[in-house]
Structure formats: C-alpha cells, structure tokens
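Here is a short briefing for someone meeting this structure for the first time. Please look at the sequence and the model before reading on.

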Amino acid sequence: MGRGIIAYGAYVPYWRLDRSKITAAMGAGGGRGHRAVASYDEDTTTMGVEAARNALRGSDIVPDSVLFSTANPAYMDKTNASAIHAALDLPQSSWAVDAGGAPRSSEAIWALAAANRGANLAVASDLRTGRPTSGDEAGGGDGAAAFVFGDDAVSPVLCEWLGGAVATAEFTDRYRQPGDAYSRIWEERFGEQVYLPLANDAIERALADAGVGLDGIDKIAIVGLHARAVRGLSRVAGDKLVGDLTGEIGNTGTAHAAIVLAAVLDDAAPGETILLVHLADGATADVLRTTDAIADHAPYAPVRAQIDRGNDALDYNKFLTWRGFLDREPPRRPDPERPGAPPAFRSEDWKYAFVGSRDRSSGAIHLPPMRVSMEGGAVDDMERVRMADVPATIATFTVDRLAFSLSPPMVAVVIDYDGGGRFQAEMTDVDPDEVRIGDRVEMTFRRLYSAEGIHNYFWKARPAAG
Amino acid sequence: MSSHGIRDKVAIVGMGCTQFGEHWDRSVDDMLTDAAHDAYTSAGVTQDDIDAFWLGTMGSGVSGLTLSKPLQLDYKPVTRLENMCATGSEAFRNAAYAVASGAYDMVMAIGVEKLKDSGYSGLTGARPPSDGTDSTITAPATFSLLAPAYAHKYGLDPDTMKEVLTRIAWKNHRNGALNPRAQFRKEVAKETIAGSPLIAGPLGIFDCSGVSDGSAAAVLVRAEDAHKYCDNPLYIKALSFASGPATGALDSTYDYTTFREVVASATEAYKQAGITDPRSQIAMAEVHDCFTPTELVLMEDLGFAERGLGWKEAMAGTFDLDGDLPVNPDGGLKSFGHPIGASGLRMLFECWLQLRGQAPPERQIPSVTEQGKTLGLTHNLGGQPGAAVSFVSVVGSELG
C-alpha cells in the first residue's frame, strides 16, 4: 500500500509590498521585487486555514490530525491548530497540535504526518516581520501551505518520499526572544559558512538513503531564510534548480519549503524526482518522486495563479500600520469587545466552520443557524449546512468610515449565496471604491480584531478568485 | 384575537420639550426636571396629580429611580423601558394604555437621553457578551445599505441618488432653522451637504441625524376628562408597534428598499385611525429620518408616495414645510437632534404645536391653518434595515 502526499495546497495572501516603496520612504532598505503581505485581518492561523481549504477542496479526505507549525503563533499557551481544526469542520476525533518556535519545526509536522497512521494534515504558516529598512522586512513574506500525508486507499498518492537525511548543529544565526516583534541576525558570512557544509552533508546522505544519484534528480529546490547560504548552495544545482519565489513573494520562513514544493507539484509531470533542501538551524534534505496520479490532479488554487493575482497597491505606511510598527489614531468609537468564551464555545460550528441551519421542510437556510424557521415557523427541524465554500453575489453594500477597524474603512456587504442563504459580512482584500451590486464573492477565514488578548476569528467575504 | 386600538379614548393635555443639543452644562436629572415641569405647567397640573410615570431611555439610566430621584416622586410607580430608537414612543404607548385601561386617571410619558457625555462619535451601547460574530458596522452604515439598493432597483444613477438625499437633509435643516428648540438652527447649502465628509457609503456627515442631549414629556388623561385641563387637547387615534423577525440579513427576498416593520405598523395604525389615504388625510408627519435614505424609504412605506417615486416627490417639494404633506416640519432627527429616549415624544410635541395652531407663524404649516386638516402622524424606528422595531401613532385635534 503506497503512502505519501495525497493532497496539498498553498495560500499566498492578496497583498504585495513593492520593495522599492521601502527605499522611497526610508532612503534605505527595500530593493527590487515584491513581498507577500498578510492583510491586517490575517495571522498564521487564518492563513493556515486558507491553505488547508485549498488543499482539501474538492476531495472527501477527512484528516485524522491537524499538525500546525509556525514561528509566529497567534497564541502561546493555547493551541492554534484547534482553530484550524474547527474552521475545517473536522470531527472531534481528529487530533490538533502545534509545533512552534523556529522554521525548522515545520520538519517535525511533516515527519509526524508521514509517519503516523491515517490521513494527516500538516500546515506550515508564517508571517515574517522585520524592523523598518532591515533585510528581513524586505526579504520576508507571508503565507502558508498544507500537505496531507496518507495512504493510496484514502486518495491517490501524488508524491512519494524516497529518502532523506538531516544535519544538525548548534549555532547562532537568527534569533528572537518570545514576544519580540522581529528577529535579529548574526553577521551573514558566518551563517553561510556554517550552513554550506551541513547542507552538503545532508544532501549526500539523503541521496544515498533514497538510492538516487544527483544525475537522477530532475528538480532541486533549496529553501532557507539565510539568503546568502541559499544562493551559495544553489550554484551547484545548475539548471535543475527551481525558483524559490523569494523575488515575487519574499521568504515565508516556516511555510516556505512547503509553498515551493506546492509550486513544484502544481507543474510536475509523473515520475519527476525532486530534491528538497531546507536550511534552518541545520540542514535537511528530502528526495521525493511524483506518481502517475499527479497527471490527473488539478490544483484548486495553483501557487502561480495566487502570485499573479497579488495586488501591489499597498502603501508602505499601511504595511507598517498593519504590522504594528505605526500606531495610528483610532476613530472616536469604543474599542471592540472581546468575544465571550462560553458564547464562542456554544457557536463553534457557526463561528469557526460557518455552518448554518437548513429547514428540512421549507429548505430555508439560516445564517446564523436558527431553531425556528423564518419560513413556516417549523421548530427544531433543521439540518446543518456548511456555507464556507459556497460562492455568493453582492445584494447591497456600504463603506463604513466610522466603524472601528484595524484598516479603515470597513466594507460591509449583504450577500446571497448560490442555492440560497443570505448573510451580511465584512468584505476584505478589496478596494472600497470597486465594490458593486452583483459582484461575485467567496468566503475567507479571518481575524476580525483582537481584544483583551483574545483573537476574534470569523468569516469574511472577498472577491471571487475566478 | 385582534388588535382594537384605543381611538379617541386617551388625550394629551400637556407637553414639555427641552431644547435638544450639546448640553455640556445640563445633566440627565436637569433635563428630566425641565421637561416634566414644563409638561405640568402646560397641562396646568402639579406633580401630585400624576398617578404613574413611564420613562423611556436607552442608556441614560436604569430603573424607575432614574426619574423618581430627580423629581422626588412620592412613591409613585415608574416604569423604565427601552425599545432602541423607538424608546420614547414606547413610553408614550404604554402610558396611554394604562390610562385607557382605567388603571390610572393621569399619567406621564417622559423620555430622556444624554449622548454627548460618552466622548464618542455616533451611538454607543453596552452589548451582552457575544461570540464575536455579530455585525459591528455603525448605525449610518446599516442605513446606508438602503441607498445603493434603492438606486439600483429604480434606476437612479449615483449622482441623482446623492441629490435626492441631499435635498432631504437640506429640507430638514431648513425646517430646523426656524425652530428655537432644534439642535441645528441654520440652513445649510446643498453644496455643503453634498460635499461633507463621507461617513458611510454615500452618506456624508450632513446625511446623519444630530447626536444630542434632550428630554420631552406628555401628560395623558382619559379623553372624557381632557377638557378639565385643556381647551384643545390632542386625541390619540392610533398606536401601533411592530417588532420584526430580523430576517433581512438572512432572507434573500428582502431588497433593502423598504422596512417591513414600518409597512406593518403603518397598516395597523391606519386601520385603527380609519385612514384610507394617508397622503391626503394627514396634515403632517414626523418620521424617523435618522439618515437621509431612511426618510426617502419611509415616504413609500408610510404610503405618502408610490413605490419607486418617493425620490421624485422629495425632489418636487411634496414634503416641504409648505408642501402637500409636510414631513418633519420641526427639523426632524436631522436638525432637531436625536436624543434616543426623547425623540418619539419630541415628534408628538411638534404635532401638539402644529395641530393646535400654536407653532410660530413663520413655521405654522398651512395644511392645518388653511386646509383644515386635523391629523398628525409620528413614526419612530429602532434597529436597522432588515432588523427593526417600528412605531406609528396618529393623533388628532378633534374627536371622531
């Protein structure tokens, strides 16, 4: 029975920062190209949800676990994977667990997902910050990717793991104290000279473990936050080297190896052998091979399409505001209130999974769910209906310039779902001047705001990708 | 099972209304004292004559003590109630029923709100703990949802829609300019209104009602007792209230060009009052113009204009002070101001002045003095399009 990657999906947020805007504003920093920017209402958890939705869309895989890794967790001392688990409407019997800390932690969830029985969803997500003008600010990127490891019996294996090796060492390259808003970096020539021998060692042993020579490798992906070491190692890869996307979306840290692999798989033919090298506090090399099944696989949201859809109209001052480096004057409105834990617990299906209720007799869909039908008044004759993946059309809308928002103005839309159901939602990833009645939208999981240490997660509408 | 109404059973024999505005120098207690004592004086009674009180306030106090303490009431019953922006009307409705039931001979309905102490823009209010999924858009944003929906349905381009809304604000400011009790007592040029900073959707700051402090009160007795206190009382012809199922944001058949609650409450009120053609039978209307698109939609919901033609009537001046059917002759929420709990009673106060011919000559409506019409309508709304409570009253200066 074959085992390997049976589903995958990446998420690249909508917004891009043109790096030249940093240089223009600060007279330093920046550079060429773009970085992907998580919107003000996104964090590593919400991006992880979007990646997982892209991975699972159109399949009937029910993961037995949600394994989440990030270097920028929304919560400490509270599991973030459980919010992803809830947003995916997974059963109570599925495990949800975080592996946090450094980008290297993503390797743990991959290994666990591959090794544990069942179908296991590994979600790597990161939101990269940096002090204004720093290399991290310009070179970082935000995004997530999700891979499901499982058996052929559940869903056809798209890519198998042939072998791998690790090289570990203790050295100080980049580091961040808990609670700090950014990382610090040692002089980069030091890191380069530590990483290169570690990488060569891992690659050599990984090829041996897989029983493949370098000439048997079709594509080589080299990923790591140490750009100089990645460049140095890339020279030996020659024309087998695949682009690491850092020029277009920046380096997404914990998520980056997974996003690059997703991009490779999007375009891969059957039988391609891939060497994936991850430089992160050591080096890890894996050898993978695509199966015949990948020929029939149509990714729901290809990485290339998500990159091309990006919007680089984002201003640098807004980017700084979103990341908390600029503290702008709020409207003269009360601060938002934290969601209550008991009400949120009672409405988990609604708040996290966007599940409404459908009257069995009239078919009327109620968002939020109701016990008494608005059509016919039937009591407690409802079935659950998940609306997260149902597209909708704008019935009317407004732009609220008075409401509290982390990025005013707030856009609100009344939307009618295909096949029935209506909801008044906030809209995101949109130019307020471009909203029109009749526009098509889809739902996205977001963080509305945070209050008194609690993140308020819920669903918003965004322009439909199609 | 039926609603019967209390037509001609209860009369208003005295009213009081403070100036509305930013009363930095006056407390809730001050305003309640002023409105109550103005109403006693107006009715020629003393506080001891009042048997029971209904106090409406959304957030400026809780319990009957909010009224009994500043007025030093002598252990009389005080009901404190809230029904969003229709709170003042709700106090009036329940007070009227208490008289009609025979439980009391004379009662007071009084409303108050102090909004300007909060330091915030617009309305604020404490909400119970929630799961965090409730809409957090502001009141102007919820009502601004009407504008694109109306324009889309009836084929108005955005500029025309903006002109219509601007004219409604211009009309209400013009009316308020003549009213010494109004918060804003200046005419405002249409260009100024149209060019004011945007608040929500197409609504600028001049499309929004005034956030203010104020209080208003009425003294009610049985109709047969009215002439003991007053030569020209106002009689209650109809009182209706509709609390909706709040399905506008769930139900795709709702198109955001109407308030179903208003249609229901107006239909009920017209039945109680025996009104078949409100446009011609009513001398004036005070309606809940919280935001300009609200007044536009209300003209159609209340039957003052055909569906889809309210905007043309508004542009033609039908609802101006000297129009066929003056709407908000006192300036409305727009320029008189909107201290929540007081607004419903403020609307009745304008009927009290106009229907009895006691408004100053410069703003006395000709529909009363020249055409001899005797009926006035007040309409008070709470909530938002698709999830509202609506109150309609009809009052008249003659029995029968």
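## Domains of chain B

Chain B splits into domain 1 (10–121 + 213–228) and domain 2 (139–180 + 188–196 + 234–396). These bounds come from an automatic or database domain assignment. This is a predicted model: local features need pLDDT of at least 70, side-chain atom pairs count only at pLDDT 80 or more, and totals for chains, interfaces and linings use all residues. Residues are numbered from 1 along each chain as its sequence is written, while chains are lettered from A and ligands numbered from 1 in the order in which they are written.

**Where the two domains of chain B meet**

- The C-alpha centres of domain 1 and domain 2 of chain B are 24 Å apart.
- In chain B, 34 residues of domain 1 are in contact with 29 residues of domain 2. Contact means that the C-beta atoms of two residues, placed from the backbone, lie within 7 Å.
- On the domain 1 side, β1 (10–17), α3 (87–100), β4 (106–114) and β7 (213–222) of chain B give two or more residues each. Helices (H or I, at least four residues) and strands (E, at least two) are DSSP runs, numbered from the N terminus.
- α3(B) gives the most to this side, with seven residues.
- The domain 1 side divides into 19 nonpolar, 11 polar and four charged residues. Here Ala, Val, Leu, Ile, Met, Phe, Trp, Tyr, Cys and Pro count as nonpolar, Asp, Glu, Lys and Arg as charged, and the others, Gly among them, as polar.

**Where chain A meets chain B**

- Chain A brings 38 residues to the contact, and chain B brings 33 residues.
- The elements of chain A that each supply at least two residues to its side include α12 (341–346), β18 (410–417) and β21 (454–463).
- β17(A) gives the most to the chain A side, with five residues.
- That side holds 22 nonpolar, eight polar and eight charged residues.

**The largest nonpolar core**

- This core has 272 residues. A nonpolar core is a set of buried Ala, Val, Leu, Ile, Met, Phe, Trp, Tyr and Cys residues joined through C-beta atoms within 7 Å.
- A residue is buried if 20 or more other C-beta atoms lie within 10 Å of its own, exposed if 12 or fewer, and partly exposed in between; C-beta atoms are placed from the backbone.
- Among the members that touch the most others are A:Val413, B:Met108 and B:Leu220.
- A:Val413 touches residues including A:Phe397, A:Met427 and A:Ala461, not counting residues up to four places away in sequence.

- Helix α6 (residues 188–210) of chain A has 23 residues and should span 33 Å at 1.5 Å a residue; its end C-alpha atoms are 32 Å apart, which agrees. The expected span is 1.5 Å times one less than the number of residues.
- Buried residues of α6(A) include A:Val194, A:Leu198 and A:Ile203. Their cover includes β8 (159–168) and α7 (227–234) of chain A.
- Just after α6(A), A:Gly211 has a positive phi of about 70 degrees.
- In α9(A), 10 of the 12 residues are buried, among them A:Ile259 and A:Leu261.

**A sheet in chain A**

- Three strands form an open, antiparallel sheet in the order β15-β14-β16 (chain A). Strands pair if DSSP finds at least two bridges between them.
- β15 (365–366) and β16 (382–386) of chain A are the edge strands, each pairing on one side only.
- β14 (residues 355–359) of chain A pairs with β16(A) over five bridges. A:Val355 has A:Arg386 as its bridge partner there.
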